Amino acid sequence: SSGVFAEYGGEDEVECLKKCLSETLGRQGDTIHWGVDEMICNWWRPNYEPPQYPYIPPHVTKPKEHRRLFLVRLPERAMFAVPRNYKLVAAPLFELYDNSNGYGPVISTLPQNLSRFSYVYA
């Protein structure tokens, strides 16, 4: 979300994302090396209402929010400290696909957005 990056005063957005991930999910004293590969999609919120779109609607000149989703490789082994008010879910892509009622419009499109990548399972 653009709000996260604005918080760090103009730093590179990938470095800000790594810092935010470490602050949110990192354990105190541990360093996790987040592998931020590339941006996979953009979403815009034209006003302060809930709907978001994967494009800027033609009637909008200045959207209120711009969200960028990044592909992040996790290290082979890592321990997370999930805050009490968060819920960490490992959901298979087939469960996310076309399930906006369960996961919302952004997360439910991850299978389509990730389809351009080839995965090697070792």
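A: Let me begin with a term: a salt bridge is a side-chain nitrogen of Lys or Arg within 4 Å of a carboxyl oxygen of Asp or Glu. Please keep in mind that this is a predicted model, in which local features need pLDDT of at least 70 and side-chain atom pairs count only at pLDDT 80 or more, while totals for chains, interfaces and linings use all residues. Residues are numbered from 1 along each chain as its sequence is written, and side-chain values use heavy atoms, with hydrogens and water left out.

Q: Which residue does Arg 116 meet in a salt bridge?
A: The side chain of Arg 116 meets that of Glu 38, with 3.5 Å from N to O. This pair links distant parts of the chain, since Arg 116 is in the segment after α5 (110–114) and Glu 38 is in strand β1, 78 residues apart.

Q: What do helix and strand mean here?
A: Both are DSSP runs numbered from the N terminus, helices being H or I with at least four residues and strands being E with at least two. The chain has five helices and two strands, and along the sequence they follow the pattern α-α-β-β-α-α-α.

Q: How many salt bridges does the structure hold?
A: The structure holds seven. Among them is one between Asp 37 and Arg 73, at 2.9 Å from N to O, and this pair joins strand β1 to strand β2 across 36 residues. There is also a network of salt bridges that links Arg 45, Glu 65 and Arg 67.

Q: Changing topic, is Leu 88 buried or exposed?
A: Leu 88 is exposed, because its relative accessible area is 54%, and exposed means over 50%, buried under 20%, and partly exposed in between (1.4 Å probe, protein chains only). Leu 88 lies in the loop between β2 (65–73) and α3 (93–96).

Q: And where does Ile 56 lie?
A: Ile 56 lies in the loop between β1 (35–45) and β2, and at 40% relative accessibility Ile 56 counts as partly exposed.

Q: Which residues is Ile 56 in contact with, leaving aside its neighbours within four places in sequence?
A: Ile 56 is in contact with Trp 44 and Pro 63, where contact means heavy atoms within 4.5 Å. The C-alpha atoms of Ile 56 and Ser 22, by contrast, are separated by 31 Å, although these residues are 34 apart along the chain.

Q: Last one: what percentage of the chain is buried?
A: Buried residues make up 28% of the 122 residues in the chain.
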